[in-house]
Amino acid sequence: MIQPLNDDNDLDVDLVCRLEGKQAEWTQADLKWVVGNRLKQNRTIEKLLVLPDGRRCWTIKYSESAKFHMDVLPAIVSSGYRTVLEKAFAARDIVGVDSLAIRITDKKEANYRTATRPEEWLKCNPFGYAIWFEQTGSLLFGKSSIIREGLQPVPLYRKEKLPLQRVVQLLKRHRDMMFNGEDDKPISIIITTLAARAYRKEANIIDALLNIVRQMPNEIEERYSPKHGRNIRWIVNPVNPEENFADKWPDERKKEENFYRWMRQVDLDLQNVIQQRGIPMIQESLEKPFGKDTVRKAIGSYAENLRILRESGGMRMAAGTGALGSVGPTTVKKHTFHGR
């Protein structure tokens with residue numbers, strides 16, 4: 001998750017309403033209506049605003065003016081799903097992750113008002129994807145510690161993040177700055193998936209970011225599409241090989257063009273940043289691609305951390321680069337900028 005670019009944009013939380021059964025005659029439309037009706041009748045939620053249902057979800061807002069909303073996705077899961085889910089997250093093993101797939105309602109499906117068997121409904125696997133992402137980004141061998149908290153209704157904010165998570169946040173921020181709300185901007189699931197596939201376990205965020213941006217386009221496949229009668233770009237869902245996250249590209253060419261244009265711009269902006277010397281020049285090179293206020297706040301925080309290190313006697317100089325920070329063989333003596 002990243003902070004919205006503009007104050008007018010919403011911060012949203014995605015929720016899955018997992019149901020282990022339904023009436024035999026219910027279609028997707030019936031289940032969608034039942035869940036929405038129940039939300040509207042809830043004594044807590046009745047004070048809130050349940051918006052007209054979208055393609056797959058019901059949306060709950062505190063008010064029309066609120067800058068926060070929740071999307072509730074009705075889904076059918078197998079019996080004992082929660083136990084299977086908890087075991088899968090504890091093991092952090094993507095083998096057999098297909099057992100975590102759920103069946104969802106989707107108004108654009110041809111059988112939305114006719115199919116009563118969940119096996120015929122659209123399948124997706126958000127929890128399996130979360131396990132895949134954490135396993136891909138993890139630098140440690142052990143039990144899950146970060147993504148697992150996503151099983152809770154609203155996980156607590158964690159300051160500590162994996163390098164891969166930070167890279168995805170930076171890429172999404174750059175995307176938002178470049179396209180500023182444009183409908184055909186690169187979508188988050190494509191950015192997240194390609195970044196994870198391009199990640200090579202770099203522990204340093206800068207190294208990870210540079211290498212990922214260089215490798216991301218190479219992670220896109222080409223496959224023959226009977227529908228289009230030619231090869232098309234294919235960004236495979238890692239937990240559902242039959243799903244193509246770039247399935248809209250052949251019919252909406254602007255989306256594909258914008259993705260590659262964005263990739264070129266990210267690379268240019270990063271190369272410009274790493275060529276700069278000195279904090280003022282680095283700050284200036286970061287402001288356009290990532291936002292002036294955000295960059296100034298980050299630089300200010302960095303300077304304050306250096307001040308605390310200097311005054312506490314904990315500042316050190318790195319070998320070779322001479323960079324000042326908390327790591328290095330040479331201790332920098334406590335000092336002021338006006339003599340003693």
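Reader: Which residues are buried in H5?
Author: This is a predicted model, so everything here is computed from it. In H5 the buried residues are Ile190, Ile191, Thr192, Thr193, Leu194, Ala195, Ala196 and Ala198.

Reader: What does that say about helix H5 and the rest of the structure?
Author: Helix H5 covers residues 188–198, and eight of its 11 residues are buried, so the helix is largely enclosed by the rest of the structure.

Reader: And what covers the buried residues of H5?
Author: The cover includes helices H3 (126–137), H4 (163–179), H6 (205–215) and H7 (253–274), along with strand S9 (236–237).

Reader: Staying with H4, at what angle do the axes of H4 and H8 cross?
Author: Roughly 70°, and the two axes come within 8 Å. H8 is the helix of residues 279–290. At that angle, H4 counts as roughly perpendicular to H8.

Reader: Which residues make the contact?
Author: H4 brings Leu170, Arg173, His174 and Met177, and H8 brings Lys288, Pro289 and Phe290. Sorted by class, that contact has four nonpolar residues, one polar and two charged.

Reader: New topic. How many salt bridges does the structure hold?
Author: It holds 18. One of them joins the side chains of Asp106 and Arg56, at 2.7 Å from N to O.

Reader: Where do Asp106 and Arg56 lie?
Author: Asp106 is in the loop between strands S5 (102–104) and S6 (122–124), and Arg56 is in the loop between strands S2 (49–51) and S3 (58–61). The pair therefore ties together parts that are 50 residues apart in sequence.

Reader: Is Asp106 buried or exposed?
Author: Buried, with a relative accessible area of 0%. Arg56 has 29% relative accessibility, so Arg56 counts as partly exposed.

Reader: Which residue forms a salt bridge with Arg223?
Author: Glu221 does, and the closest N and O atoms are 3.1 Å apart. Arg223 is partly exposed at 28% relative accessibility, and Glu221 is partly exposed at 32%.

Reader: What about Arg117?
Author: The side chain of Arg117 meets that of Glu119 in a salt bridge, 3.9 Å from N to O. Arg117 has a relative accessible area of 44%, so Arg117 is partly exposed.

Reader: Last one. Which residues are linked in a network of salt bridges?
Author: Glu222, Arg233, Arg253 and Glu256 are linked that way.

Methods
Residues numbered from 1 in each chain as written. Predicted model: local features only at pLDDT ≥ 70, side-chain atom pairs only at ≥ 80, totals over all residues. Heavy atoms only, no water. Buried < 20%, exposed > 50% of the residue type's maximum accessible area, 1.4 Å probe, protein only. Helix = DSSP H or I, 4+ residues; strand = E, 2+ residues; numbered from the N terminus. Contact = heavy atoms within 4.5 Å. Axes fitted to C-alpha atoms, helices over the stretch in contact; angles between N-to-C directions. Parallel < 35°, antiparallel > 145°, perpendicular 65-115°, else oblique. Nonpolar A, V, L, I, M, F, W, Y, C, P; charged D, E, K, R; others polar. Salt bridge = Lys/Arg side-chain N within 4 Å of Asp/Glu carboxyl O.
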